[in-house]
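The following paragraphs guide a new reader through a structure of more than one part. Please consult the sequence and the three-dimensional view while reading.

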Amino acid sequence: MIAKPEWFEQRKYSGWGVTPRSWQGWAYTLAVLVLLVIFLSIPDLDSQVRTAGTVLWVAFVVLDILPVMVAAKKDEREYKNEAIAERNASWFMVMVLVIGILYELIISGLSHELSINWFMVLALFGGAIVKGVSNYRMDQKGC
Amino acid sequence: MKTRIKELRARYNLTQQDLADKVGVSRMTIVFLEKGTYNPSLKLACRTARALNTTIEDLFSCDEDDED
């Protein structure tokens, strides 16, 4: 692992992920971008190699940053606030998914070709399962 | 909720960051504790009182009209 947790802090106001908080974090972010740009700027690079290289680079960065996100230290107030913010975000996403699924059903039903976006259905039911399992585990722990 | 955190912190010449490091929380949590806008768990209240060499009862006092 190259990225270190002390170089970054969790995003609070602009989506998910991390943002640099020390010069090392900024140097890491700059290095990631510059190396990608250099790679993509190589002349006469085969498009498949370009795509594969980009995907591998992004995968590497994601895998490097994930432990940083997991290791981010939070105290009880920050955990509580994060839980409330994530709950609010998930309610909004559930609302949009439900509206989206209903919209697709109605529109496809009107054209007599019923179709469902199974990814959206999976997201909704998958989320419900994750919520149920989380609550069950917390009840078991006595939280 | 009223607290004496700021008063006791000054007595021991501790900055908010010093106290935060002793208690194991972020500086912002100490800020909100001092303002009385954050209600700590019993565990955090204990750790804060211990860090300031006092008791929970001495450190925190509840207002009769405290609302959650």
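In this predicted model, buried residues account for 21% of the 68 residues in chain B. The overall dimensions of chain B can be considered next. A compact globule with 68 residues would have a radius of gyration near 11 Å, and chain B, at 11 Å, agrees with that expectation. The C-alpha trace of chain B spans about 30 × 20 × 20 Å along its principal axes. As for the contacts within chain B between residues at least 6 apart in sequence, 55% of them join residues at least 24 apart.

The secondary structure of chain B consists of five helices and two strands.

One pair of helices in chain B may be examined in detail. Two packed helices are described by the angle between their axes and by the distance between those axes. For helix 2 (residues 16-23) of chain B and helix 3 (residues 27-35) of chain B, the angle is about 105° and the axes are 8 Å apart. Since angles of 65 to 115 degrees count as roughly perpendicular, helix 2 of chain B and helix 3 of chain B are therefore roughly perpendicular to each other. In this contact, helix 2 of chain B contributes B:Gln16, B:Gln17, B:Leu19 and B:Ala20, while helix 3 of chain B contributes B:Arg27, B:Thr29, B:Ile30 and B:Val31. By residue class, the contact comprises four nonpolar, three polar and one charged.

Chain B also meets chain A: four residues of chain A are in contact with seven residues of chain B. On the chain A side, the residues that touch chain B comprise four charged, with no nonpolar and no polar residues.

Chain A itself is assigned two domains, domain 1 (5-71) and domain 2 (76-141). The centres of domain 1 of chain A and domain 2 of chain A, taken over C-alpha atoms, are separated by 29 Å.

A:Ala72 lies in the loop between helix 2 (47-71) and helix 3 (76-110) of chain A. Is A:Ala72 buried or partly exposed? A residue is buried if 20 or more other C-beta atoms lie within 10 Å of its own, and exposed if 12 or fewer do. A:Ala72 has 15 other C-beta atoms within 10 Å and is therefore partly exposed. Leaving aside residues up to four places away in sequence, A:Ala72 touches A:Pro5 and A:Gln10. The C-alpha atoms of A:Ala72 and A:Glu6 are 8.1 Å apart, although 66 residues separate the two along the chain.

How values were computed: Residues numbered from 1 in each chain as written. Chains lettered and ligands numbered in written order. Predicted model: local features only at pLDDT ≥ 70, side-chain atom pairs only at ≥ 80, totals over all residues. Contact = placed C-beta atoms within 7 Å. Nonpolar A, V, L, I, M, F, W, Y, C, P; charged D, E, K, R; others polar. Domains from an automatic or database assignment. Helix = DSSP H or I, 4+ residues; strand = E, 2+ residues; numbered from the N terminus. Rg over C-alpha atoms; globule rule 2.2 N^0.38 Å. Axes fitted to C-alpha atoms, helices over the stretch in contact; angles between N-to-C directions. Parallel < 35°, antiparallel > 145°, perpendicular 65-115°, else oblique.
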